[in-house]
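Please have the structure open as you read.

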Amino acid sequence: METDHRARILSAADTLFYAKGVQAVGMDELRTEAGVPLKRLYAEFPSKAAIVTAVLDGRTTMWNNRIDEAESAHESPRDKLLSIFDFLHDWFLEDDFRGCAFINSFGELGATMPAVSDAARAHKLTFIDHVTTLAVAAGASPTVGLQIALLAEGAQTTAAITRSSETARAAREAAARLLSPATTGSPSPG
């Protein structure tokens, strides 16, 4: 039963925080949305920071699963890498897309909640490492990997602001160009 309470709280928190922002959501609203008594909410999570951190952990799992799913349809590191932008395009088309939860949370709380800064930093560094590993496996330099990760990050932020899924297509095209020298045997930029 406690696991059920915890899951309901996290599900409600994820939905509310992503839609409205963390600071706009009070504990009473979260309790009501989760359908749990306030005492139970605090028994599961002693602070709002603990809830935010748990939500971001869940977002990391969701992100990694969706990246893995997109990549699983491809064999080559280059195609796996470019499939990330296909996933982004599809994500940007979802009705509830509001940008990257890590960027949103960091922008809202990074200066006041070190746990949020730490979670966002860990998530972004892990993503950069993953993209860089794929880029190097595709024959590019680590710098190209970082550049491609930055394209993905920029596409997320721009899509959230402009509501245009085409940012993913443009970023994918730029990533393919960065990878072209690596796959054709020419020296890679950077």
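Predicted model: local features only at pLDDT ≥ 70, side-chain atom pairs only at ≥ 80, totals over all residues.

Residues are numbered from 1 along each chain as its sequence is written, and side-chain values use heavy atoms, with hydrogens and water left out.

**Empty spaces**

Rolling a probe the size of a water molecule over the atoms shows where empty space is left. On a 1 Å grid over the protein atoms alone, a cavity is a set of points where a 1.4 Å probe fits but cannot get out, while a pocket is an open set with protein on both sides within 12 Å along at least five of seven lines; lining residues have an atom within 4 Å of a point. Grid points are joined across faces, edges and corners, and a volume is the space filled by probe spheres set on the points. For the classes, Ala, Val, Leu, Ile, Met, Phe, Trp, Tyr, Cys and Pro count as nonpolar, Asp, Glu, Lys and Arg as charged, and the others, Gly among them, as polar.

| Space | Volume | Lining by class |
|---|---|---|
| Largest pocket | about 150 Å³ | 7 nonpolar, 3 polar and 4 charged residues |
| Largest cavity | about 120 Å³ | 7 nonpolar, 3 polar and 2 charged residues |

Of the 14 residues that line the largest pocket, Phe17, Tyr18, Ala101, Asn104 and Ser105 lie nearest its centre. Helix H1 (2–20), helix H4 (48–71) and helix H6 (101–109) each give two or more residues to that lining; helices here are DSSP runs (H or I, at least four residues), numbered from the N terminus.

The count of cavities of 30 Å³ or more comes to 1. Residues lining the largest cavity include Arg59, Trp63, Phe87, Trp91, Ala101, His123 and Gln156. Two or more residues of this lining come from each of H4, helix H5 (77–92) and H6, and H4 gives the most, with 4 residues.

A nonpolar core is a set of buried Ala, Val, Leu, Ile, Met, Phe, Trp, Tyr and Cys residues joined through side-chain atoms within 4.5 Å. The largest has 58 residues, and Leu30, Ile51, Leu88 and Ile148 have the most contacts inside it. Beyond its neighbours within four places in sequence, Ile51 is in contact (heavy atoms within 4.5 Å) with residues including Leu10, Phe17, Leu30 and Phe45.

Among the buried residues of H7 are Val116, His123, Lys124 and Phe127, and their cover includes H4, H5, H6 and H8. Just after H7, Gly139 takes a positive phi of about 100°.

Not counting residues up to four places away in sequence, Glu153 touches Ile103, Lys124 and Phe127.

Arg31 lies in helix H2 and, at 27% relative accessibility, counts as partly exposed. Val36, Pro37, Leu38 and Leu41 are touched by Arg31, leaving out residues up to four places away in sequence.

Conventions: Buried < 20%, exposed > 50% of the residue type's maximum accessible area, 1.4 Å probe, protein only.
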